[in-house]
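Subject: A structure for you to look through

Dear colleague,

I am passing on the structure below, together with some notes on what was found in it. Please keep it open beside you as you read.

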Amino acid sequence: MILAIDPGAKGALAFFDMEKGVLNIVDCPTVEVVRGGKKKSEISAQMVASVIREFKPSRVVLEKVGAMPGQGVSSMYQFGRGVGMYEGVLAALQVPVTYVTPQAWQKEMNVRGGKDGSRARAAECYPAYASLFAKKKDDGRADAALMAFWGATR
């Protein structure tokens, strides 16, 4: 079982059983909290750990991400905090991690430009699960599924 993670509050966790060809996708477990008078989504470390323990992956592919131009300081802080949370949970569960940049897996998986390109390619790679990538908001699912496929070929 391989797990691939598209980090971020709108990302996803894709569990791919390479022997059975079964794909399970879990949208990033989040909770809504009030910070500074505004409602914000935060990744729940406890829920992430629970999901990972349930599927028992033997290894993980985690997207190696960095700061993105144009993002605010607060949102970048929360994004980095989320990635660090994933790393902490994976370390505590003692699951080996492989990092891959978006550019590397997208090139090797022949993803056409944009988020719709990820959704289209994921549907091609996992035709039995194409409905999981049907909506625009499913780009995090598609990215995670494609990273799992990338990881399965290594």
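First, the ground rules. This is a predicted model, in which local features need pLDDT of at least 70 and side-chain atom pairs count only at pLDDT 80 or more, while totals for chains, interfaces and linings use all residues. Residues are numbered from 1 along each chain as its sequence is written, and side-chain values use heavy atoms, with hydrogens and water left out.

The helix pair

Helices and strands here are DSSP runs (H or I of at least four residues for helices, E of at least two for strands), numbered from the N terminus. Helix α4, residues 114-125, packs against helix α5, residues 139-152, at an angle of about 50°, and their axes are 8 Å apart; the axes are lines fitted to C-alpha atoms over the stretch in contact, and angles run from 0 to 180 degrees between N-to-C directions. The two helices are therefore oblique to each other, a word kept for angles that are not under 35 degrees (roughly parallel), over 145 (roughly antiparallel) or 65 to 115 (roughly perpendicular). On the α4 side K115, S118, R119, R121, A122 and C125 take part, and they meet D139, A142, D143, L146 and F149 of α5, where contact means heavy atoms within 4.5 Å. The residues of this contact divide into 5 nonpolar, 1 polar and 5 charged; Ala, Val, Leu, Ile, Met, Phe, Trp, Tyr, Cys and Pro count as nonpolar, Asp, Glu, Lys and Arg as charged, and the others, Gly among them, as polar.

The nonpolar cores

A nonpolar core is a set of buried Ala, Val, Leu, Ile, Met, Phe, Trp, Tyr and Cys residues joined through side-chain atoms within 4.5 Å, and buried means under 20% relative accessible area, exposed over 50%, and partly exposed in between, with a 1.4 Å probe and protein chains only. Which members of the largest core touch the most others? Among its 23 residues they are L23, W105, Y126 and F133. The largest share of this core, 7 residues, is supplied by α5. Leaving aside residues up to four places away in sequence, W105 touches E63, V100, V111, S118, D143, L146, M147 and W150. A second, separate core has 18 residues, including I5, F15, V48 and L62.

Some buried residues

D138, in the loop between α4 and α5, is buried at a relative accessible area of 5%, and it touches R119, L132 and F133, again not counting residues up to four places away in sequence. P7, in the loop between β1 and β2, is likewise buried, with 6%. In helix α1, residues 45-55, lies A49, which counts as buried at 11% relative accessibility. The C-alpha atoms of A49 and L90 are separated by 7.9 Å, although these residues are 41 residues apart along the chain.

Two positive phi angles

Most residues other than glycine have a negative phi. Q94, which is not a glycine, has a positive phi of about 55°; Q94 sits in the loop between α2 and β7 and is exposed, with a relative accessible area of 71%. N110 also has a positive phi of about 55° without being a glycine; its place is the loop between α3 and α4, and at 56% relative accessibility N110 counts as exposed.

With best wishes
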